[in-house]
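Reader: Hi! Could you walk me through this one?
Author: Happy to, have a look first.

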Amino acid sequence: MNVLKLLFTKDGLTYQIAKNKSIFEEKSYFVDEESPENFIADKLDDVLIKQRFDEIQVISALNHFTLMPEGFSQHETGYELIAYNAPVDKEKEELMLSVNEKFKVQFYYTFPKNFYKKIKELALPVNFNFSGERFLNSIHNKNNKEIHINLYHSQCEFFAIDNKKIILYNNLDVNSEVDFLYFIMFTLSKIGFGINETNFFAYGETTENETFISELQKFVMNLKIVFDNIPNKNFILN
């Protein structure tokens, strides 16, 4: 069974091709100053025609989202709720829903309609999910104050959890390690998490973001690297 896994991040696309749970191809594309206007769309086209797939799994880490309690059913307000966090274009963004039963929350998020149509036109079984839900489902939380940080290329998401209750989730661009470190510390002060009483956990591209990790270690006592993304193995969180 050939499975195509797609991860969409800010200005980036990563794909994996898996056969019988073994990864035999993986590559990432990122927009830079020399990239053409439709760079990611063109790369997606190339990936989708690489071979015949039996299934496609799509993860969006794009930061157009909102977090709501499980059971919230006013789906028609999804665009408006997301608009409180980021500008939304209904003509160009598909509204999606991802539910996390473990922590009893759900995410409304948008996904570019042009990408959505390209993938759906293949008429294959497709599963869409939001990175925050996938990440949250992998967290093993204890009865403590915890910060869980998932790092990507120039982007990250994090959860603040207290006694198995989600206090905060955010997904943001990381243009500067110092700026992000300041944001983490500012967030701790606002939600009442003391540095010495809070356990920190880092996941994802920890090697690529080693400067941020080393700076964070100067301020916090309890930091654990849960895993680093290993080529041809981890895809966000398997």
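**Sheet and helices**

Author: G12 has F30 in β3 as its bridge partner. This is a predicted model, where local features need pLDDT of at least 70, side-chain atom pairs count only at pLDDT 80 or more, and totals for chains, interfaces and linings use all residues. Residues are numbered from 1 along each chain as its sequence is written, and side-chain values use heavy atoms, with hydrogens and water left out.

Reader: In what sense do β2 and β3 pair, and over how many bridges?
Author: Strand β2 (residues 12-19) pairs with β3 in the antiparallel sense, over 8 bridges. Strands are DSSP E runs of at least two residues and helices H or I runs of at least four, numbered from the N terminus; two strands pair if DSSP finds at least two bridges between them.

Reader: Nice. What's the strand order in the open sheet?
Author: The order is β3-β2-β1-β4-β8, 5 strands with mixed pairing. β3 (22-30) and β8 (126-130) are the edge strands, each pairing on one side only.

Reader: Switching to helices: at what angle do α1 and α3 pack?
Author: About 10 degrees, with the axes of α1 (residues 39-48) and α3 (residues 113-120) 11 Å apart. Axes are lines fitted to C-alpha atoms, for helices over the stretch in contact, and angles run from 0 to 180 degrees between N-to-C directions. The two helices, α1 and α3, are therefore roughly parallel (angles under 35 degrees).

Reader: And which residues of α1 meet α3?
Author: I40, A41, L44, D45 and L48 do, against N114, F115, K118 and I119 in α3. Contact means heavy atoms within 4.5 Å.

How values were computed. Parallel < 35°, antiparallel > 145°, perpendicular 65-115°, else oblique.
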